[in-house]
Amino acid sequence: MLPVKRTTAGAALGVVVDSELTKKHCANFASTAATSSTINMAAGGTVNGSNGVGNSKAPIRDGQPQEIDEDLHSRQLAVYGRETMRRLFASNVLISGMQGLGAEIAKNLILAGVKSVTLHDEGTVELWDLSSSFTFTEEDLGKNRALASVPKLQDLNNAVIISTLTSELTKEKLSDFQAVVFTDISLEKAIEFDDYCHQHQPPIAFIKSEIRGLFGSVFCDFGPEFTVFDVDGEDPHTGIIASISNDNPALVSCVDDERIEFQDGDLVVFSEVRGMTELNDGKPRKVKNARPYSFSIEEDTTNYALYERGGIVTQVKEPKVLNFKPLRQAIKDPGDFLLSDFAKFDRPPLLHLAFQALDKFIVELGRFPVAGSEEDVQKLIALFTEINNGLSDGRLEEIDQKLLRNFAFGARAVLNPMAAMFGGIVGQEVVKACSGKFHPLYQFFYFDSVESLPSEPLDPNDLKPMNSRYDAQISVFGSKLQKKLEDAVVFIVGSGALGCEFLKNVALMGVCCGDGGRLTITDDDVIEKSNLSRQFLFRDWNIGQAKSTVAASAAALINPRLHIEALQNRASPETENVFDDTFWENLSVVINALDNVNARLYIDQRCLYFQKALLESGTLGAKCNTQMVIPHLTENYGASRDPPEKQAPMCTVHSFPHNIDHCLTWARSEFEGLLEKTPAEVNAYLSNPSEYISAMQKAGDAQARDNLERVLECLDRDRCETFQDCITWARLKFEDYFANRMKQLTYTFPEDAITSSGAPFWSAPKRFPRPLQFSNSDMSHLQFVLSGAILRAETFGIPIPDWVKSTEKVAEAVDKVIVPDFMPRSDVKIVTDEKATSLSSASIDDAAVIDELAMKLEICCKKLLPGYKMNPIQFEKDDDTNYHMDLIAGLANMRARNYSIPEVDKLKAKFIAGRIIPAIATSTAMATGLVCLELYKVLDKHHKLEDYRNTFANLALPLFSMAEPVPPKVIKHQDMSWTVWDRWILKDNPTLSELLQWLKNKGLNAYSISYGSCLLYNSMFPRHKERMGKKLVDLVKDVAKADLPPYRRHFDVVVACEDDEDNDVDIPQVSVYFK
């Protein structure tokens, strides 16, 4: 039997790799952790914070919920929740029109995992189609578009049924689907089909979307009454109550732990209120006068009992019913258009008529306008004017003929960036239609990116087809810009979800596909199963392979002319020998496809240094943003930063948690302390005992003492030799964590304890804990012991016996454990200081204790077999067979039970403890489409600041917000000015005095020059004057001891200057070229 283990200090959270234990040992154990609480609506429906449910027209297949592959869909589940995913799995979707837009929509829905996608197209693949659709190759020319699309789309997800229709579509056929999407249909036919869908019972969601060059449109009709169960996908906001007044209306104040996010009109429910228990009736109450830490409720509490303490207030998310108009009615009375760019607030009404005029043009002439044909432009303008003049309301007073000319010239072209962007938008609308999750687009959305056109006027002859796969793109931008795209030298950093989409886009656009073009992509990561639901260039047989290599090979199949090199180097200071000066100087543009801020900041600094355009983007669930960083025109990425995330104080996490995040942070910390850090410390000691002990004695602090105590426990008191020992250890851990520590805490701070100021100690946000009583009949208790024992056995290399498959046998093994009685002690100190950074308390006896522990370890070591070592376990969140998340969820939920905090299931625990970033294919596709619309401008090289756009979008709402980038801050001195983009260059291997004189000529007096952290010159030091005649490169080598590699032609110095009036002047970095 093992004695009770001492408390271990929690470790910081970290990132990890794989473990090999499989869950086959324990097939009979099911997770029984409680799921998130659901708020009952006044109307009788239910809404879960993250799992909005949809309309009843998508039944679960065969009456049984389909099993969700959580390894594959974990990032998507973090956005949608299980219920939405199940509804998607039961949805059948039709996509009509399989050019670039149809292919993008299909890709996003197949990755999302709908039940079936039916592709409809009566046309054949033309050379014209190859610049917009990744599903076609030159071998597909002449084949039916729908049939040619199937192989590549089916590869994305074999669980989705993909079928085709290649003959004329009848409206009766639409009844087979929950949602139908049309990307190439006449207005007359669209009205006929939409009427049928609108009147069908239940209604069929109808979406019409078009890409016409740099112009796009979406129309949605989800029926006369469509219920949205979760309008934004956000978790319900909550607050911890500090006080409630006896007033009319009652004022509710919350703790200032963090701001509350309620808005006037929100409905909230109260729970756990002590004293004023009348509010705990579950009835929703309306918020008014909402402020950061307080709000009022429309209720008279004058005669209610006095508020004592405690209480949680939680937002109630209400369903919303939308009454869609059919297309027949909406085309005449469109209502409010969804805006994307407030600089173009008058654009949607014009485009609403332009798309109708184009439809009439095609009906009358049987073709699209020809790029460069002035006659066709005038015909389109005449049709536009005719429609406009026929309007009684909403007639446009002015017609932008230049815009209509651009619209006519590009009308036949489906551009890949536009298809990617609209593929994301429309794909998300289909998800909304099938699930009721997120607010639909209501009902028209128009968009254009005419700023992407070349800055110089286009010659109509430059728009003519060249019998090239890029003819559609040439018809919009001309052959000169196409040549610039093909000869570009591009660096894509990252090959995950964004990187895959970017590779597909640039391959289709022809970027880096000319003789002078080169694309370098780098990523040091390998492919995991969870990547496959959105990183669409990867397949299940690629798991474990390098992301960049696989993605580059896939991109080369999309366009064999792509000149691409794949590297597995992390772009960082350590790899500047790979990405050297020559590499950076030759680049045309850098595209970031990264997933962390530090890497982005590093690339931003390199782009600043070498004055290269950086196209930045990122996604978070249904949200995405893009930022253009253009030399000398815009501020750089690092010029503005988000505030750091607020971290819970250590004492809160370890002793006073009040939400599940605190419990999971603690659980992850304990997991790593017990199973990774302590075994690693043991191995460090065993590999060289004398050196390890010497290091601990030299440190001589509480941390060193704790390390030695843990090593001794592992090798002596807690050392496991059989699996029964591991069961004993895990059972005693349960007692220690969830019974004894709670008894000690409530002994030290009883329920009626008061602070030094006389306030109740256990006031909000603190929650008074209760110890747990272990029970073999509680499966969550047994599951905790089993997962802890299996992982403990792994660290000691102990085989897992077959009897763990039997619940009864495990219960019998647990019954054998003798649990010592626990008596709280009065000398235990519990940290309550929120500013404390360590739970280990220093002692004057630390050195003596360390010496004593060293002696005990030396004796213990003699009992071990030669070569004995432990197996540290690194946390791996994405392997559901390794018991890691079972233990972390068990730790967190048992602790939550101590403090009466709502528990979570293993999946939700994985999202929080594993810090999983929610991700879906639709927002990724949209972000990359928007960036590639900016890429046209960057490679044209002549656009102004007002032509560029930064974007924030939230597909859940939906919200699109585009704005001109912010210019860089300008610093002025005399007749000179500079920005963060400027770098002063001094060539010909100058001396120190030559640099000082060069600056003097600019009216600047340098008083300090440094290289890195080393001071090369300071005017205050007389001896530094001896360095005047020396070459700067020699000073850098001799004084700073810098090792300048052979590939380096220059180095940088930081110079502090002042003007003649002794005012400090911030000057750019100075680059000194010595070769």
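Colleague: How many salt bridges does a search of the whole structure find?

Modeller: The search finds 66 salt bridges. Side chains of opposite charge can pair when their charged atoms come close. Here a salt bridge is a side-chain nitrogen of Lys or Arg within 4 Å of a carboxyl oxygen of Asp or Glu. Before we go on, a word on the source: this is a predicted model, where local features need pLDDT of at least 70 and side-chain atom pairs count only at pLDDT 80 or more, while totals for chains, interfaces and linings use all residues. Residues are numbered from 1 along each chain as its sequence is written, and side-chain values use heavy atoms, with hydrogens and water left out.

Colleague: Thanks! Which side chain meets E138 in a salt bridge?

Modeller: That partner is R561, at 3.1 Å from N to O. E138 sits in the loop between β4 (116–120) and α3 (145–156), and R561 in the loop between α13 (547–558) and β20 (564–567), so the pair ties together parts that are 423 residues apart in sequence. The helices (H or I, at least four residues) and strands (E, at least two) are DSSP runs, numbered from the N terminus.

Colleague: Where in the chain are R405 and E374?

Modeller: R405 is in helix α8 and E374 in helix α7, 31 residues apart, and the pair links distant parts of the chain. Their side chains meet in a salt bridge of 2.5 Å, N to O. R405 counts as partly exposed at 25% relative accessibility, and E374 is partly exposed at 35%. Elsewhere, salt bridges that share partners join D341, K344, R347, D448, E451 and R949 into one network.

Colleague: Which residues gather in a patch of negative charge?

Modeller: The general idea is that patches are made of residues with over 30% relative accessible area and no salt bridge, with like charges joined within 9 Å and nonpolar side chains (Val, Leu, Ile, Met, Phe, Trp, Tyr) within 5 Å. Lys and Arg count as positive and Asp and Glu as negative, while His and the chain ends are not counted. The place of a charge is NZ of Lys, CZ of Arg, CG of Asp or CD of Glu. In this model D346, E397, E398 and D400 gather in a negative patch on the surface. D400 lies in the loop between α7 (374–389) and α8 (401–409), and D400 is partly exposed at 32% relative accessibility.

Colleague: Which residues form a nonpolar patch?

Modeller: F952, L957 and L959 form one on the surface, with about 220 Å² of accessible area together. Such areas come from the Shrake-Rupley method with a 1.4 Å probe, and for residues only the protein chains shown count as cover. L957 lies in the loop between β24 (950–954) and β25 (959–963), and its relative accessibility of 36% counts as partly exposed.

Colleague: What should I look for in the backbone?

Modeller: Most residues other than glycine have a negative phi, and most peptide bonds are trans. In this model a cis peptide bond joins N248 and P249, with omega about 0°, and P249 is found in the loop between β10 (238–244) and β11 (250–254). Another cis peptide bond joins A764 and P765, with omega about 10°. As for phi, Q611 has a positive value near 55°, and Q611 lies in the loop between α15 (597–610) and β22 (613–620). K1041 has a positive phi near 55° as well, and at 66% relative accessibility K1041 counts as exposed.

Colleague: Which residue does the UniProt annotation "active site" cover?

Modeller: The annotation, from an unreviewed entry, covers C651. UniProt positions are given in the numbering used here, feature names are shortened, and annotations may be inferred rather than shown by experiment. In the model C651 is found in helix α16 (residues 650–655), and C651 is buried, with a relative accessible area of 3%.

Technical notes:
Buried means under 20% relative accessible area, exposed over 50%, partly exposed in between (1.4 Å probe, protein chains only).
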